[in-house]
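Please read them with the coordinates open.

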Amino acid sequence: MKLALILAGALAVAAPAAAQPANHADHAAAAPKAAAPVQGSGVVKGVNAKAGTITLHHGPIPALKWPAMTMTFKAAPEAVKAAKTGKSVTFTLNAAGDQVLSLQ
Ligand SMILES: [Cu+2]
């Protein structure tokens with residue numbers, strides 16, 4: 001009985017976390033490590049030149065088992081330079097999927 005109450009409490013605490021917007025940290029925990037750089041496509045939603053980041057709404061990326069979503073990536077300086085908000089792009093991510101290496 002006591003155990004059931006503890007489990008119910010744990011579920012109540014865990015449920016709101018699952019409702020949080022998806023973010024890159026969630027992917028990173030779930031995604032297998034790809035062996036090679038990964039291609040994706042999407043739309044630039046924002047660029048932060050000072051922080052060296054690009055926010056992309058990307059399509060599904062099967063190599064990383066990612067669904068389509070909007071997320072912010074660290075990016076190589078050339079990729080930051082090439083990114084313009086509102087532009088449709090293709091891009092290359094590093095194998096871990098946590099940095100944009102290039103963007104066209
Ligand atoms: Cu994503």
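1. In this predicted model, strand 1 and strand 2 pair in the antiparallel sense, with six bridges between them. The two strands form a hairpin in which four residues lie between them, and G52, in the turn, has a positive phi of about 70°.

2. Strand 4 (residues 88–93) and strand 5 (residues 99–103) run antiparallel and are joined by three bridges, and the bridge partner of L93 in strand 5 is V100.

3. Taken together, five strands close into a barrel in the order 1-2-3-5-4, with mixed pairing. Neighbouring strands of this sheet are turned against each other by 60° on average, direction ignored.

4. The largest nonpolar core has 16 residues, and those with the most contacts inside it are I54, F73, A79, V100 and L103. The elements giving two or more residues to this core are strand 1 (38–48), strand 2 (53–58), strand 3 (69–75), strand 4 and strand 5.

5. Which residues is V100 in contact with, leaving aside its neighbours within four places in sequence? They are I54, F73, A75, A76, A79, F91 and L93, and L93 is also the residue whose bridge partner in strand 5 is V100.

Terms used. Residues numbered from 1 in each chain as written. Predicted model: local features only at pLDDT ≥ 70, side-chain atom pairs only at ≥ 80, totals over all residues. Pairing = 2+ DSSP bridges. Axes fitted to C-alpha atoms, helices over the stretch in contact; angles between N-to-C directions. Core = buried A, V, L, I, M, F, W, Y, C linked by C-beta atoms within 7 Å. Buried ≥ 20, exposed ≤ 12 C-beta atoms within 10 Å, placed from the backbone. Contact = placed C-beta atoms within 7 Å.
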